[in-house]
Amino acid sequence: MSLDMFIQHLFNALMLGSLYGLVAIGYTMVYGILRLINFAHGDVFMLGAYGVFWSFTLFNLPWSAAVVLSVVAVAGIGIMVDRIAYRPLRDAPRISALISAIGVSFFIENVCIVVFSGIPRPVPSPEWLVRVVELGNVRILPLAVVVPVVSLLLVAFLFWVVYRTKPGLAMRAISKDIETTRLMGVKVDHIIAMTFGLGSALAAAAGIMWSLRYPQIHPLMGIFPGFKAFIAAVIGGIGSIHGALVGGMMLGFIEIMIVAFMPTLSGYRDAFAFVLLILILLFKPTGLMGEKLEDKV
């Protein structure tokens, strides 16, 4: 492989890893607080892409305004999902919340199939994002630079919220002991709703950028990216925001680079993610950056 080709694959891997990381952060935030895997998260990712598509095509909004409207609307949907499907089951067995999460996922997918139809739709993209830029022999899409930069800014904002604000302090307290935090006067349900909103907003942003990179959307488009992001969260250590980002990057680089160096294995691209997951669970069950489990005596 030439150096030029390697640089192109490097940018592609960075872009894919950034998207996996953004979605994985939503999984890990909800799990860190509720010990719940929100299986509807991949469908929230899909709603972000549809939000921009319909805002742009139906209401003729400027592309930037369509993005902002979509992210805000999907964050609201995430909060509503928590209010309707998860909050009533706070004190129920965890299997009940898990079944509810699966049900919400199927509900969103089928409603979108009925409302939007199952026909894949092309996504209009800003011209400057998809115009190839040639730097010597390297041909790079501006999108390959914009996606990691936007992802980095969103993650930086999230870290500021989690580690520098009072709601972020409450999130960290709830992740340690939800009942004690409630006794200290924290409005736990409001903080959990905020967590769902933040995670959904990140997933929506990732879905929008995904639809620009792979400009065709359909109601089931979030299934496999959702699975991959969940794998990334487990690899990094589910419950750890840093770990989710690291796991997403690792998964993106492995997928792109293995196919780049061994093109004959391109048909097994998705299998590599699951092989990596199995290896991580065998040798480091809590993930690369997960907290060590303490044995209670």
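**View 1. Overall dimensions of the predicted model.** For 297 residues, a compact globule would have a radius of gyration near 19 Å, and the protein agrees, having 19 Å (taken over C-alpha atoms; the globule rule is 2.2 Å times the number of residues to the power 0.38). The C-alpha trace spans about 60 × 50 × 35 Å along its principal axes. This is a predicted model, in which local features need pLDDT of at least 70, side-chain atom pairs count only at pLDDT 80 or more, and totals for chains, interfaces and linings use all residues. Residues are numbered from 1 along each chain as its sequence is written, and side-chain values use heavy atoms, with hydrogens and water left out.

**View 2. Surface and burial.** The accessible surface of the protein is about 15100 Å², with 70% belonging to carbon and sulfur atoms (Shrake-Rupley method, 1.4 Å probe). Of the 297 residues, 45% are buried (under 20% relative accessible area, 1.4 Å probe, protein chains only).

**View 3. Crossing of helices H1 and H10.** The axes of H1 (residues 3-34) and H10 (residues 223-236) come within 8 Å and cross at roughly 70° (lines fitted to C-alpha atoms over the stretch in contact; angles run from 0 to 180 degrees between N-to-C directions). The two helices (DSSP runs of H or I, at least four residues) are therefore roughly perpendicular to each other (65 to 115 degrees).

**View 4. Residues at the H1–H10 contact.** From H1, Tyr20, Val23, Ala24 and Tyr27 meet Pro225, Gly226, Lys228, Ala229, Phe230, Ala232 and Ala233 of H10 (contact: heavy atoms within 4.5 Å). By class, this contact has 9 nonpolar, 1 polar and 1 charged residues (Ala, Val, Leu, Ile, Met, Phe, Trp, Tyr, Cys and Pro count as nonpolar, Asp, Glu, Lys and Arg as charged, the others, Gly among them, as polar).

Definitions and conventions:
Angles under 35 degrees count as roughly parallel, over 145 as roughly antiparallel, 65 to 115 as roughly perpendicular and the rest as oblique. Buried means under 20% relative accessible area, exposed over 50%, partly exposed in between (1.4 Å probe, protein chains only).
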